[in-house]
Amino acid sequence: MDLSELYQDLILDHGKRPRNVGELPGHNREAQGFNPLCGDKLTLYLRVDDGKVKDAKFVGKSCAICTASASMMTEELAGHSEAEARELFTRFHDLMTGKITDEQMPESMDRLLALGGVRRFPMRVKCATLPWHTLIAALDNQHQTVKTE
Ligand code: ZN
């Protein structure tokens, strides 16, 4: 099977039918993200208990890449500690900014490599990283809007 095709399917699937969409009842962290370059806007809700991300949901108006990234991120986050969530951000950001190669991504994050293909379209990298920047703001419990610019 052609892996790049599989990854493409994954983005299309999450872009069209995003998971974890909606307000999260009982959330205790929240942040907004805005990418003026594309117009992506999203609000991320987290429920953090005992230092662990128990649940994550988002609402927004965003392009397919941003929506897919948010959908995959919220799936990935559940059950991770705050420290692990920050580590996921760092790895993902390193991947998207070309600091690490696909091979250097931890195996547990290999689904996120689907978004790595976006690197070939520099204008769209911020679409993919916006939900993750918003994640850090939510973990820091900042209520202001994060901008990619
Ligand atoms: Zn976008």
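The model is predicted, so local features need pLDDT of at least 70 and side-chain atom pairs count only at pLDDT 80 or more, while totals for chains, interfaces and linings use all residues. Residues are numbered from 1 along each chain as its sequence is written, and side-chain values use heavy atoms, with hydrogens and water left out.

**The strands**

Let's start with the strands. Helices (H or I, at least four residues) and strands (E, at least two) are DSSP runs, numbered from the N terminus. Two strands pair if DSSP finds at least two bridges between them. The table sets out two such pairs.

| Strands | Sense | Bridges | Residues between strands | Positive phi |
|---|---|---|---|---|
| β1 and β2 | antiparallel | seven bridges | four residues | glycine 39, about 95° |
| β2 and β3 | antiparallel | nine bridges | two residues | aspartate 50, near 50° |

Within these pairs, glutamine 32 has threonine 43 of β2 as its bridge partner, and leucine 44 is bridged to phenylalanine 58 in β3. Strand β2 is mostly covered, with seven of its 10 residues buried; buried means under 20% relative accessible area, exposed over 50%, and partly exposed in between (1.4 Å probe, protein chains only).

**Arginine 29**

Arginine 29 belongs to strand β1, which spans residues 29-35. Is arginine 29 buried or exposed? With a relative accessible area of 16%, arginine 29 is buried. Contact means heavy atoms within 4.5 Å. Leaving aside neighbours within four places in sequence, the contacts of arginine 29 include Leu44, Leu46, Glu82 and Leu139. The side chain of arginine 29 also reaches the backbone oxygen of leucine 139, at 2.8 Å.

**The nonpolar core**

A nonpolar core is a set of buried Ala, Val, Leu, Ile, Met, Phe, Trp, Tyr and Cys residues joined through side-chain atoms within 4.5 Å. Which residues of the largest nonpolar core touch the most other members? Of its 42 residues, they are Leu44, Leu46, Leu77, Phe92, Leu112, Trp132 and Leu135. The elements giving two or more residues to this core are β2 (40-49), β3 (52-61), α2 (64-77), α3 (82-96) and α4 (122-139). Helix α4 supplies the largest share, 10 residues.

Apart from neighbours within four places in sequence, leucine 77 is in contact with Leu46, Val53, Ala56, Ala85, Leu88 and Leu135. In soluble globular proteins, nonpolar side chains tend to be buried together.

Methods
A polar contact is a pair of N or O atoms within 3.5 Å; within protein, one must be able to donate a hydrogen and the other to accept it, and residues adjacent in sequence count only if both atoms are side-chain atoms.
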